[in-house]
Amino acid sequence: MQRTIFHLDLDAFYCAVEELHNPDLRGQPFAVGGSPTRRGVVASCSYPARMFGVRSAMPMSRAVQLCPDLIIVRHSHDEYSAMSKRVMTILHDTTPFVEKLSIDEAFLDMSGFPGEPYDLAVGLQKRINEELELPCSLGVASNKLVAKIANNMGKARQRTGQPPNAIEVVPPGTEANYLAPLPIRELWGVGPKTAEKMHEMGIQTIGDIAAQKEKLLIDQFGKIGYDLHLRARGIDARPVVIERPTKSVSSEITFDVDVNDSDELKRSLRQQSENVGRRLRKSGLSGRTVQIKVRWEDFTTITRQSTFEQPSHNDHWIYETALDLFQHVWDGTRRIRLIGVGVSGFENAARQLSLWESDDSKQQRHVQNTLDDIRERFGDDSLQRGSDL
Amino acid sequence: MRVSVLQENLVRGLSIVNRAVNSRPTLPVLSNVLLATEDGRLKLSATDLELSISMWVGAKVEEDGSVTVPARTFYDLTSNLSPERIDMELNTRNQTINLQCGGTDTNLRGIPAEEFPLVPEADPNAKIVIPGEVLKHMISEVAFSAAREDNRPVLTGIYTNFSGNTLTMASADGFRLTVRKTTLDFEVGEELEIIIPARTLVEIEKIIDDEDEVFVSVPDGRNQIMFHMGDIDVISNLIEGSFPEYERIIPANHSTETFLYRDEFLRACKRSEIFARDNSNIARLRVEPSSDGGPGAVNVSAQSNEMGDNTSMIDATIEGTGVEISFNIRYLIDVLNVLRDDQILLETNTSSDPGVIRPLGRDEREQFLYVIMPMQVGQ
Amino acid sequence: MYTTFPVIGHDWAVAQMQRAFNNGRVRHAFLLQGPASIGKTTFARSIAMALNCTNEPKPCGECRACRLIASNGHPDIAIVEAERIGGTLKINQIRELQRQLALRPYEGRYRVAILRRFQEAQAAAQNAILKTLEEPVGNVVLILTAEEPSAILPTIHSRCQIFNLRPLSITSTTDALERSWGVERDKASVLAHLSAGRIGWAVRSLEDEKELEFRQNAISLLEQSLNSTRVQCFQLVDGLNLDKSRTLDMLDFWQTYWRDVMLLAVGSKAALTNIDHEASLITVAQHVGQDDAQRALEATRTALIQLSGNANSRLCLEVLMLNYPKLN
């Protein structure tokens with residue numbers, strides 16, 4: 001069956017929200033994010049700022065170098081999620097088939113709607129523009145892959161210093177032709193390593209990938225080679241997934257200065273573990289897998305995980321496991337830029353109690369629930385461990 | 001080696017010792033069975049280095065000797081020979097054994113007996129003697145709750161303690177504990193405490209006959225426990241380490257006693273299990289004492305996200321307060337399946353305290369106790 | 001020091017081990033590091049013998065325990081390794097081993113696990129063995145062997161007594177071949193040179209003529225590639241039909257070749273490995289010089305490490321050949 005998929009993306013979402021609150025920001029180069037002196041990064045930047053080369057995820061210090069007049073706005077997360085909810089309400093109002101990808105991005109399955117896909121896209125865009133005063137861009141195609149790429153391309157065409165508010169439609173049957181001239185990095189699944197290897201093989205565009213023998217790609221890249229060959233020809237059968245259940249809960253911290261102090265790292269691991277545990281308990285989730293993420297000073301990043309028989313959401317368990325994993329990768333001297341903890345592998349919150357669970361751990365559970373209550377009421381910083389002070 | 005045996009005797013012996021042959025042996029020679037003449041009999045031995053079985057078969061020995069032959073092949077061959085005398089002769093030069101039976105002539109290549117691990121022999125005059133029926137009954141009631149695979153290997157074993165005139169066996173997998181005791185007719189000298197792999201005990205249970213007298217010994221060095229009965233020796237290696245202290249897990253008191261008919265309770269649990277399968281095996285027991293002094297009821301229920309739900313109401317005599325408690329239903333089915341008693345007693349406190357199951361009306365010499373940890377749902 | 005360890009060479013390591021036995025201070029975990037085929041597993045086996053021998057002095061080499069261990073048939077000695085060279089040692093194998101180690105010894109005094117080529121162990125498998133290293137139980141001794149120490153978790157290193165073993169000297173290889181395998185002096189000397197002190201390889205090639213042929217082919221292929229164009233090199237690689245373990249063997253030989261070229265280029269008097277190719281080695285050395293030879297040696301070593309990891313053999317060889325200097 002012919003499908004019609006929209007990819008919708010709010011243009012410079014955080015900035016757009018900030019502009020609503022502070023109209024003086026309109027037309028100014030500004031960025032939402034952390035302070036340049038404290039190694040903050042750009043979370044979002046206005047289109048005028050982008051004209052100077054500022055991009056999201058860039059260190060703020062670099063952004064200020066590129067654009068000395070850059071206005072830096074503090075991140076106001078609650079405002080963004082409230083606004084995101086209103087956008088999602090409009091999307092759900094349009095079709096029940098909405099797959100939320102992030103705070104400002106979603107796929108919609110619009111198959112079978114009466115009318116031309118372009119007109120439908122214009123209608124939706126207009127509603128978001130008018131009701132919420134937010135700019136947004138849409139990519140329209142017969143599948144998720146092409147819709148998303150189309151949206152990127154549509155936005156890239158409008159480099160005016162204004163939000164693009166673009167719509168790009170790829171008519172069914174023209175997917176492969178549409179993708180052919182684009183650089184391979186646009187294709188989902190082509191990371192820097194794959195790209196480098198492909199360039200060595202003389203492959204530059206998505207069309208070049210499509211023109212390769214499937215066997216060759218499989219020989220060189222394995223399963224991903226097979227997938228890429230399909231994608232390069234604009235083929236993608238993935239459905240729009242309506243519910244996106246939480247797959248993992250994680251928490252990480254980037255240090256102001258690279259750290260190799262054992263006590264400080266342990267303290268951070270404990271804080272991240274407690275944060276994750278609390279969020280798990282709040283959502284009634286228990287996970288079987290604990291994961292740690294460590295970014296070294298040279299920016300290489302590793303993850304390690306450990307899986308258990310029984311799901312849990314106990315802070316102490318998360319911390320002990322994370323610490324154990326960490327001690328296996330850290331030589332005691334290497335400097336660390338970022339450290340994070342996550343729990344996944346969720347199961348029914350039913351918990352089989354253990355015979356050997358000591359009175360200690362019962363006591364621990366009780367204390368934990370109390371702490372959660374207090375933090376819930378008085379905020380994160382209301383309680384600290386003696387060792388953290 | 002030159003020896004003659006009756007086909008039936010040989011096949012029966014092989015069918016028993018072959019229980020100790022692992023299909024994926026760690027050494028090639030372990031897929032073989034050892035044949036050795038001994039005091040005018042033929043000894044058959046097999047081992048997987050955890051469990052070893054030897055059996056002596058009546059034979060006419062003309063020349064002593066020993067060899068090992070592939071266990072499965074040898075069994076398949078001999079079980080298809082006609083039921084008469086088999087004459088075996090070993091050619092020591094090429095370690096090939098020749099079998100003559102009726103009109104059949106077979107040559108089977110073996111491996112030298114020296115390469116076979118030493119299979120020790122049990123003490124036929126051991127001081128500890130247990131009736132086969134008693135030992136079988138014990139094992140059948142305790143082995144099921146040992147851990148299958150565990151980070152703590154001791155939990156894959158059965159804690160076994162001889163002390164005074166009591167033999168205690170216990171097993172636990174982290175979520176449930178079984179303690180089984182029997183009173184012996186004699187006093188054991190020195191207290192003895194070992195851990196036997198559950199896997200080998202289950203095999204031993206199958207080999208023992210109700211009528212057997214089982215002679216049990218643990219030689220000095222204590223790496224093995226040996227069972228001797230009739231013509232059979234069964235030897236199990238022991239697990240290293242110490243078993244967790246389980247006594248303090250057994251609840252000292254309870255607030256509710258529920259008396260149930262085992263059969264009825266088991267069937268209710270099995271019905272719930274069908275629905276609990278895709279829901280962490282969780283089933284809920286609601287214990288409702290009657291308000292007017294009549295019999296109370298236990299409500300067993302489970303629900304599946306896809307299939308629906310099931311509730312069974314069964315009559316019970318209840319003393320104490322009402323309680324709602326959830327269990328892994330498989331853990332309940334397991335224990336109700338191994339017991340043979342008509343009635344059982346379930347002791348409970350709150351929904352997060354362990355439950356205890358005991359059989360009712362049993363010979364005081366054969367004590368059984370099962371502790372099961374509940375499941376907690378949601379927050 | 002007087003010792004009955006049936007090990008060729010590695011005198012200092014054996015002496016240290018013997019001392020540990022004499023003083024009754026034997027550790028419960030060892031890591032034997034060094035190139036392939038120099039006798040790491042033999043050393044490991046001899047430790048297992050010394051632990052379980054029933055005679056004096058230990059290991060006697062005569063008792064039932066010593067003989068069973070020598071023939072890999074002792075019930076208490078487990079040898080665990082990837083299913084093939086260049087394969088992966090999996091976590092399930094470690095779990096199965098741990099199940100065995102939980103039992104008391106069957107007939108010996110100690111259960112000994114020899115984990116060969118531990119650089120091939122999955123990260124999960126390495127993590128799993130840590131548990132056994134951290135909580136040693138009674139009569140269990142672990143002996144790990146590895147060719148590439150960098151692929152082993154630092155926490156494993158820190159919990160083992162480490163022996164860094166090196167190839168044997170040409171003299172002791174020659175002597176051993178003559179004494180223990182009855183090889184004529186001249187032939188033994190040639191083999192010892194060609195093996196570059198890897199006694200295991202020398203013995204394998206005694207038993208199997210194909211080993212020598214394989215080496216000969218490996219060296220010829222290398223020499224051929226030095227005279228080939230890029231495209232011809234690709235064809236050479238295409239023409240090969242080697243599995244990973246054989247490719248690793250081939251690179252071992254290439255490494256010895258470049259080492260020889262280096263020695264000649266710097267005018268060293270040290271003994272050559274590939275003495276049967278001396279003439280062509282001299283020519284190559286004159287053409288490429290010290291720097292290029294060193295680069296080629298390093299490139300070969302890098303390729304060996306990559307290939308022990310997950311690299312594609314063909315790609316690895318192609319890149320390597322392109323990095324080698326050309327003679328024309």
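**Helix 5 of chain A**

I checked the length of helix 5 (residues 117-132) of chain A in this predicted model. Its 16 residues, at 1.5 Å a residue, should span 22 Å, and the end C-alpha atoms are 22 Å apart, which agrees. The expected span is 1.5 Å times one less than the number of residues. Helices (H or I, at least four residues) and strands (E, at least two) are DSSP runs, numbered from the N terminus.

I then asked which residues of helix 5 of chain A are buried. They are Pro117(A), Leu120(A), Ala121(A), Leu124(A), Gln125(A) and Ile128(A). I call a residue buried if 20 or more other C-beta atoms lie within 10 Å of its own, exposed if 12 or fewer, and partly exposed in between, with C-beta atoms placed from the backbone. Seen down the axis of helix 5 of chain A, the buried residues fall within an arc of 130°, so they line one face of the helix. The arc is taken over the directions from the helix axis to the C-beta atoms. An α-helix has 3.6 residues a turn, so residues three or four places apart point the same way.

On the other side of this helix, I found Asp119(A), Gly123(A), Lys126(A), Glu130(A) and Glu131(A) exposed. The cover over the buried residues of helix 5 of chain A includes strand 1 (5-10), helix 4 (77-94), strand 7 (136-141) and strand 8 (167-169) of chain A. Just after helix 5 of chain A, Glu133(A) takes a positive phi of about 55°.

**Conventions**

I number residues from 1 along each chain as its sequence is written, and I letter chains from A and number ligands from 1 in the order in which they are written. Because the model is predicted, local features need pLDDT of at least 70 and side-chain atom pairs count only at pLDDT 80 or more, while totals for chains, interfaces and linings use all residues.

**Chain A as a whole**

I counted 14 helices and 13 strands in chain A. Of its 389 residues, 34% count as buried. Of the contacts in chain A with a separation of 6 or more, 64% come from residues 24 or more positions apart. A contact here requires C-beta atoms, placed from the backbone, within 7 Å.

I also looked up Arg295(A), which is found in strand 10 (residues 286-296) of chain A. Arg295(A) is partly exposed, with 18 other C-beta atoms within 10 Å. Arg295(A) and Arg335(A) are 40 residues apart in sequence and 9.0 Å apart in space, C-alpha to C-alpha. Leaving out residues up to four places away in sequence, Arg295(A) touches Thr301(A), Ile336(A), Arg337(A) and Leu338(A).

**Backbone exceptions in chain C**

Most residues other than glycine have a negative phi, and most peptide bonds are trans. His10(C) is found in the segment before helix 1 (11-22) of chain C. Is His10(C) buried or exposed? His10(C) is buried, with 23 other C-beta atoms within 10 Å.

Asn72(C) has a positive phi near 55° and sits in the loop between helix 3 and strand 2 (77-80) of chain C. Asn72(C) is partly exposed, with 13 other C-beta atoms within 10 Å.

I found a cis peptide bond from Glu56(C) to Pro57(C), with omega near -15°. Another cis peptide bond joins Lys58(C) and Pro59(C), with omega about -10°. Pro57(C) is in the loop between helix 2 (40-52) and helix 3 (64-70) of chain C, and Pro59(C) lies in the loop between helix 2 and helix 3.

Chain C has 14 helices and five strands, and 44% of its 328 residues count as buried. Chain C averages a pLDDT (the predictor's confidence in each residue, from 0 to 100) of 90, and 99% of the residues score at least 70. I recorded ipTM 0.79 and pTM 0.64 for the model.

The contact takes twelve residues from chain C and 15 residues from chain B.

Note on methods:
Two residues are in contact if their C-beta atoms, placed from the backbone, lie within 7 Å.
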